[in-house]
Amino acid sequence: MKITVVGAGAVGASCAEYIAIKNFASEVVLLDIKEGFAEGKAMDLMQTASLNGFDTKIKGVTNDYSKTANSDICVITSGIPRKPGMTREELIGINAGIVKTVSSSLIQHSPNTIIIVVSNPMDTMTYLVHKSTNLPKHRIIGMGGALDSARFKYRLAEALDAPISDVDGMVIGGHSDTGMVPLTRLATRNSVPVSKFLSNDRLNQVMEDTKVGGATLTKLLGTSAWYAPGAAVSGLVQAIACDQKKMFPCSVLLEGEYGMNDICIGAPVILGRNGIEKIVEIELNDAEKAHMVESAKGVRATNDLL
Ligand SMILES: NC(=O)c1ccc[n+]([C@@H]2O[C@H](COP(=O)([O-])OP(=O)(O)OC[C@H]3O[C@@H](n4cnc5c(N)ncnc54)[C@H](O)[C@@H]3O)[C@@H](O)[C@H]2O)c1
């Protein structure tokens, strides 16, 4: 299993590290446009192999797509991250050009690859990859919901004063501060609805903290986060590489599902060897449906900027 990660910055390197540590891939190619940068990150990561006990070979390259040839999965993290006070949508001007060029170069050398889009504004960048490459929809996956759901579970565990392994929950909708739809109604602690333990006010607080999860970290760090994003991407890559048939909320092209068309937005999907093997339609209540409609409006407004 060969995996390429484009962008050897904070998220790309973290993602390569988690993939390697999980030890399911034979090779990870890390590619960056900055001369020598990916080579340096790859060498540093390879020097952790004997310490962390993995055999995955990580190779760094400067903009040489021939080295990415025949990758089974390609992850796009290239582009600029947001700074404190910025929204993800403000990144579109620079990142759209980068994502378009990068996806076309990747497909040239790996025509059968599955692409995971991470660069922001992620739902719009996923839509851009659809429009510009014409790859089948099951081979283009946007990563946002897996991260937002991990942040949701972190906030739920905090509110419940419970171990995170006791908690389950999912965030669908757009990957933006206003677009996320944390499904508090369906979140559970060991199968018991979390509303049995938490007041409406506390649940609303969890929801709001989840939605600004990225912005909170950007303010603290001075740039956007990387550990949880990298771990979330590695989870999707592993589900595909190991044909796990796991369910994650991912940005996917909807064609009638959730009453939407011609939009990439977060919905639960089953990930396996073929990429997106199924879009799962869950029954939403009226408030959740209205929240999804609002979320889609936001994503479409950013898509219009393309
Ligand atoms: N979807 C998500 O959940 C999520 C989470 C975190 C970050 N992000 C996004 O991921 C992206 C990367 O974030 P980061 O913190 O790693 O940024 P970073 O600045 O640390 O790394 C980005 C890397 O991309 C490289 N790059 C730029 N143009 C390139 C090109 N044309 N070809 C190859 N490489 C190129 C840069 O040299 C840099 O090393 C940002 O757009 C950020 O907003 C998304």
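Student: Which elements each supply at least two residues of the lining of the largest pocket?

Tutor: This is a predicted model, in which local features need pLDDT of at least 70, side-chain atom pairs count only at pLDDT 80 or more, and totals for chains, interfaces and linings use all residues. On a 1 Å grid over the protein atoms alone, a cavity is a set of points where a 1.4 Å probe fits but cannot get out, whereas a pocket is an open set with protein on both sides within 12 Å along at least five of seven lines; lining residues have an atom within 4 Å of a point. With helices (H or I, at least four residues) and strands (E, at least two) taken as DSSP runs numbered from the N terminus, the elements that each supply at least two lining residues are α1 (10-22), β2 (27-32), α4 (92-109), α6 (145-160) and α8 (213-221).

Student: From which element does the largest share of the lining of the largest pocket come?

Tutor: The lining has 41 residues, with T77, S78, G79, I80 and P81 lying nearest the centre of the pocket. A share of 5 residues is the largest, and its source is α4.

Student: About how much space lies in the largest pocket?

Tutor: Grid points are joined across faces, edges and corners, and a volume is the space filled by probe spheres set on the points. On that basis, the space in the largest pocket is about 740 Å³.

Student: From which domains does the lining of the largest pocket draw at least three residues each?

Tutor: Domain bounds come from an automatic or database domain assignment, and the chain is divided into 2-143 and 145-304. The centres of the two domains, taken over C-alpha atoms, are separated by 22 Å. Their contact (heavy atoms within 4.5 Å) takes 38 residues from domain 1 and 51 residues from domain 2. The lining of the largest pocket draws at least three residues from each of domain 1 and domain 2.

Student: How many charged residues does the lining of the largest pocket have?

Tutor: Ala, Val, Leu, Ile, Met, Phe, Trp, Tyr, Cys and Pro count as nonpolar, Asp, Glu, Lys and Arg as charged, and the others, Gly among them, as polar. The lining includes 19 nonpolar and 17 polar residues, and the number of charged residues is 5.

Student: Where does UniProt place the feature "binding site"?

Tutor: UniProt positions are given in the numbering used here, feature names are shortened, and annotations may be inferred rather than shown by experiment. The residues of this feature are included in the lining of the largest pocket. The unreviewed UniProt entry places the feature at R82, R88, N120 and R151.

Student: Is R88 buried or exposed?

Tutor: R88 lies in the loop between β4 (73-76) and α4. Not counting residues up to four places away in sequence, R88 touches residues including R82, N120, R151 and H175. Buried means under 20% relative accessible area, exposed over 50%, and partly exposed in between (1.4 Å probe, protein chains only). Because its relative accessibility is 3%, R88 counts as buried.

Student: What is the relative accessible area of R151?

Tutor: R151 lies in helix α6. Leaving aside residues up to four places away in sequence, R151 touches R88, T210, G213, G214, L217, A225 and P229. R151 is buried, and its relative accessible area is 11%.

Student: In which helix is the place of T210?

Tutor: T210 counts as buried because its relative accessibility is 1%. Beyond its neighbours within four places in sequence, T210 is in contact with residues that include D148, R151 and F152. The helix that holds T210 spans residues 200-211 and is α7.

Student: Which peptide bond is cis, with omega near -5°?

Tutor: P121 lies in the loop between β5 (114-117) and α5 (122-133). The cis bond is the one from N120 to P121.

Student: Which element gives the largest share of the lining of the second largest pocket?

Tutor: About 480 Å³ of space lies in this pocket. Its lining has 24 residues, and S149, K153, M247, F248 and P249 lie nearest its centre. At least two lining residues come from each of α6, α9 (227-241) and β12 (246-255). The largest share is 6 residues, supplied by α9.

Terms used:
Residues numbered from 1 in each chain as written. Heavy atoms only, no water.
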